[in-house]
Amino acid sequence: MNINKVGKFEALKIVNEFDSALIELYGINMTDARITRYEALSTIEETRCVRKAAELFGAQRGMTRLNGGQA
């Protein structure tokens, strides 16, 4: 995915999926985790997966994973 070619509504949908994955895995949203939309989209572009991007942010920021979010 090239974030430069993603429309604003598609980007919003992707960011919302990332936010939901972060809440499911760690019980914290993007705002509380201080993750910007640009950071989320960039990481999603790198990993090519919304859930993996959320896991990467959680690991980088030392977040504690919820029991229900484990794969």
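Let's start with a pair inside helix 4. Arginine 51 and glutamate 55 sit four residues apart there, so about one helical turn separates them. They form a salt bridge, with the closest N and O atoms 3.9 Å apart. The cut-off for a salt bridge is within 4 Å, so this pair counts. One caution before I go on: this is a predicted model.

Why can residues spaced like that face each other's way? An α-helix has 3.6 residues a turn, so residues three or four places apart point the same way. And side chains of opposite charge can pair when their charged atoms come close.

Arginine 51 first. What else does arginine 51 form a salt bridge with? Glutamate 24, with the closest N and O atoms 3.2 Å apart. Arginine 51 is in helix 4 and glutamate 24 is in helix 1, so this bridge ties together parts 27 residues apart in sequence.

Next, glutamate 55. Glutamate 55 also forms a salt bridge with arginine 65, and here the closest N and O atoms are 3.5 Å apart. Glutamate 55 belongs to helix 4, while arginine 65 lies in the segment after helix 4, ten residues on. For context, a search of the whole structure finds four salt bridges.

Are these residues buried or exposed? In between. Arginine 51 is partly exposed, at 26% relative accessible area. Glutamate 24 is partly exposed too, at 43%. Glutamate 55 comes in at 25%, again partly exposed. Arginine 65, at 28%, falls in that class as well.

Next slide: the rest of helix 4. The helix covers residues 50-60. Which of its residues are buried? Val50, Ala53, Ala54, Phe57 and Gly58. They span an arc of only 140° around the axis, which means they lie on the same side of helix 4.

What does that side pack against? The buried residues of helix 4 pack against helix 1, residues 8-26, and helix 3, residues 37-47.

Turn the helix over. The face directed away from the buried side carries exposed residues: Lys52, Ala59 and Gln60.

Last point, the end of the helix. Just after helix 4, glycine 62 takes a positive phi of about 65°. Further along that segment after helix 4 is arginine 65, the partner of glutamate 55.

How values were computed: Residues are numbered from 1 along each chain as its sequence is written. This is a predicted model: local features need pLDDT of at least 70, side-chain atom pairs count only at pLDDT 80 or more; totals for chains, interfaces and linings use all residues. Side-chain values use heavy atoms; hydrogens and water are left out. Buried means under 20% relative accessible area, exposed over 50%, partly exposed in between (1.4 Å probe, protein chains only). Helices (H or I, at least four residues) and strands (E, at least two) are DSSP runs, numbered from the N terminus. The arc is that of the directions from the helix axis to the C-beta atoms. Contact means heavy atoms within 4.5 Å. A salt bridge is a side-chain nitrogen of Lys or Arg within 4 Å of a carboxyl oxygen of Asp or Glu.
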